[in-house]
Amino acid sequence: MALFDVLMPVKNGEAFLSQALASVQAQTERDWRLVVLDHGSTDRTAEIVARAAAQDPRIELHPFPHAPGLAGLLNEGLGLVEAPYLLRMDADDECLPERMALTHAAFERDADVVLVGGQSIMIDAQGREIGVMKHPTDKEELARCALFRNVFAHPTISLRSQAVADRGIRYGQSMFRSTDPQADIQVPNLAEDYLLFGEIALQRQGVNLPQNVLRYRFHSGSVSRQKYWDQLQMSGRISRHLGGLLSRWAGQAAFDPVPFCSHGQALIDVQGRRDYAQDYARMVHTLARAGVAWTGEAAERELRWRRTFVDRHPLGLASRALRFGLGGRADPWEMRTAMNALKQQIRGRARLQMEPVPT
């Protein structure tokens, strides 16, 4: 049995697959098995993997051409995991050499941690560095931010396999589905990672390493670019699901976090409304009773930031964002979200809308 089982889903990934495989082989931690999950490729994917496997028996090809979506494909992979740790990897990204070693050390430091992610260097199709992707590292901050956006980069994460087995964790389904009748959400694709990571983060069992662990490739074939709006819509549904969990855990009335979310650094309107003051008040009331992550100065800061979006009137939105930024409290993600929100209102950019929560 290896220390890490690496799950790499792929469909027609010949363009970058060789680099991805080589980056796993270059890990300083040598005790791993790479499980390539082929989703019905018609290009040279199978040939590339077979050639690598002939030279390195730690690499395996498992075809699942009829798996239902990415969530279904990954769930087939979960059934193959034998190692203590499950590591996710995409077929167009590149692991940095210390990724497994750093991840293993993080699990060893804290027995309560179920999920470990990390930071990323963004690269283009030619492998040129074009930026960095930064995520919070602290358990408490991750628990707060996860309500409003995905705070883990899927290709950077690793899971403790025993927790996956014990909790019946599956992509696209709530891990609370058997104990909470209202946790019946289904996410077959687009944001299946956010559902899983958000639920773990709410329980304060996820961390992000401060180090870069991945070269994260952005290119024209990326799903997030092709289906951006559908992904935001699904992410909004998941935020409502997470808010529902928090409300029920706290024994409080439900609230709608969607008007205050920053998925994709964009805002979501609810039924075309502009004023969300009452929604904000309900949210603050519930979150004040939702556990240790929502107490103290850092929690107050998060809620002050979310108050920026209490209405969609451009002058008020700009004023609140400016005051928050001038106070030295805004990070780059937050300021880009504020700028995008103003563009949505002032320039008439497309605005995503969702229906209100059914009563």
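A salt bridge is taken here as a side-chain nitrogen of Lys or Arg within 4 Å of a carboxyl oxygen of Asp or Glu. The structure is a predicted model, in which local features need pLDDT of at least 70 and side-chain atom pairs count only at pLDDT 80 or more, while totals for chains, interfaces and linings use all residues. Residues are numbered from 1 along each chain as its sequence is written, and side-chain values use heavy atoms, with hydrogens and water left out.

By the salt-bridge rule, the count comes to 20. One of them joins Arg88 to Asp90, with 2.7 Å from N to O. Both Arg88 and Asp90 are buried. Buried means under 20% relative accessible area, exposed means over 50%, and partly exposed lies in between (1.4 Å probe, protein chains only). Asp56 pairs with Arg58 in another salt bridge, and their closest N and O atoms are 2.9 Å apart. Asp56 has a relative accessible area of 7%, so it counts as buried.

Arg240 and Asp256 also form a salt bridge, with 3.0 Å between the closest N and O atoms. This pair links distant parts of the chain, 16 residues apart. Arg240 sits in helix α9 (residues 228-250), and Asp256 in the loop between α9 and β10 (268-270). Helices (H or I, at least four residues) and strands (E, at least two) are DSSP runs, numbered from the N terminus. Arg240 and Asp256 are both buried. Elsewhere, salt bridges that share partners join Glu94, Glu129, Arg215 and Arg217 into one network.

Two helix pairs were examined for packing. Axes are lines fitted to C-alpha atoms, for helices over the stretch in contact, and angles run from 0 to 180 degrees between N-to-C directions. Helix α1 (residues 17-25) packs against helix α2 (residues 45-55) at about 30 degrees, with the axes 10 Å apart. The two helices are therefore roughly parallel. Angles under 35 degrees count as roughly parallel, over 145 as roughly antiparallel, 65 to 115 as roughly perpendicular and the rest as oblique. Leu17, Ser18 and Leu21 of α1 make the contact with Thr45, Ile48, Val49 and Ala52 of α2. Contact means heavy atoms within 4.5 Å. The α1 and α2 crossing is right-handed. A crossing is right-handed if the near helix is turned clockwise from the far one by less than a right angle, and left-handed if anticlockwise.

Helix α9 takes part in the other pair, with α7. Their axes come within 10 Å and cross at roughly 25 degrees. So α7 is roughly parallel to α9. This crossing, too, is right-handed. On the α7 side, the contact is made by Tyr194, Leu195, Gly198, Glu199 and Leu202. Residues of α9 in the contact include Ser235, Ile238, Leu242 and Trp249.

Helix α13 (residues 332-346) has 15 residues. From first C-alpha to last it reaches 21 Å, close to the 21 Å expected at 1.5 Å a residue. The expected span is 1.5 Å times one less than the number of residues. Among its buried residues are Glu334, Asn340, Leu342 and Gln345. The buried residues of α13 pack against α11 (297-306) and α12 (314-326).

For Arg204 the value is about 60 degrees. Arg204 lies in the loop between α7 (192-202) and β9 (206-217). Its relative accessibility is 34%, so Arg204 counts as partly exposed. For Gln265, phi is about 55 degrees. Gln265 is found in the loop between α9 and β10. With a relative accessible area of 15%, Gln265 is buried.
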